[in-house]
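Visitor: Hi! I'd like to talk through the charged pairs in this protein. Could you bring it up for us?

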Amino acid sequence: MHTDDNRDEKQGFEEQTEEREYIIKDISEILEEEPHTIRNWLKELEGYIPFTKKKNGYRIFKKDGLERFQLIKHLNRDQEYTLKEIALYLDTGGEAFKPVPEISADSILADEMRRMRERLDQLEERDKKRDEVLINLAEQLTKQNTYIEHTLQERNENLTAAMREMLEGKKLTAVSQHEEQPTKKGWFQRLLGK
């Protein structure tokens, strides 16, 4: 039965907290901030803090308003957000300021070294392939050069042989024409009949 009494007291306290109304002075005491700081936050972030106004001009805050002020204090004091950043945070539901994982210099250096090693491996592989291609090209050029030299030598020998045959043929033709050709007799020889 003692537990039921504690449960009833806790529920009664929660209901009392839900219904409790706060003014700026109460909020400043709870948050341990100066009233002018609370007023400044309210002025800059008015659309984000729920409140009602009494006839006497006092702003009245309920539990949700107090919780919003606690969040603003946490963001401003602990996280060092500016009021504009807090407004963006509240607009986006906190999505605009997701925590960035802390990266150590060692991990940055290790990542950079890994990338450099990968790049070096790629360059070595490319150089190896290039060397293979160059060796293949050199072998092909040597074969082509040997073929060209052999072909030129063969052509020169064939041309030389053809020219010799042609010259010999001209010589024989000239000799045979010279022997077959009757010698022309000049006018005097014809007169004398010789």
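Visitor: How many salt bridges are there?

Guide: The count comes to 10 salt bridges. Keep in mind that this is a predicted model.

Visitor: Which residue does Lys 73 form a salt bridge with?

Guide: Lys 73 pairs with Glu 33, and their closest N and O atoms are 4.0 Å apart. The pair links distant parts of the chain, 40 residues apart. Lys 73 belongs to helix H4 (residues 63-78), while Glu 33 sits in the loop between helix H2 (24-31) and helix H3 (35-44).

Visitor: And is Glu 33 buried or exposed?

Guide: Glu 33 is buried, as its relative accessible area of 12% is under the 20% cut-off. Lys 73 is partly exposed, at 23%.

Visitor: New topic: what does Glu 118 form a salt bridge with?

Guide: That would be Arg 114, with 3.2 Å between the closest N and O atoms.

Visitor: How accessible are they?

Guide: Glu 118 is partly exposed, with a relative accessible area of 40%. Arg 114 is partly exposed too, at 41%.

Visitor: What about Arg 130?

Guide: Arg 130 forms a salt bridge with Asp 131, the closest N and O atoms being 3.7 Å apart. Arg 130 is partly exposed at 44% relative accessible area, and Asp 131 also counts as partly exposed, at 38%.

Visitor: Last one: which residues are linked in a network of salt bridges?

Guide: Glu 21, Lys 54 and Lys 62 are joined in such a network.

Technical notes:
Residues are numbered from 1 along each chain as its sequence is written. This is a predicted model: local features need pLDDT of at least 70, side-chain atom pairs count only at pLDDT 80 or more; totals for chains, interfaces and linings use all residues. Side-chain values use heavy atoms; hydrogens and water are left out. A salt bridge is a side-chain nitrogen of Lys or Arg within 4 Å of a carboxyl oxygen of Asp or Glu. Helices (H or I, at least four residues) and strands (E, at least two) are DSSP runs, numbered from the N terminus. Buried means under 20% relative accessible area, exposed over 50%, partly exposed in between (1.4 Å probe, protein chains only).
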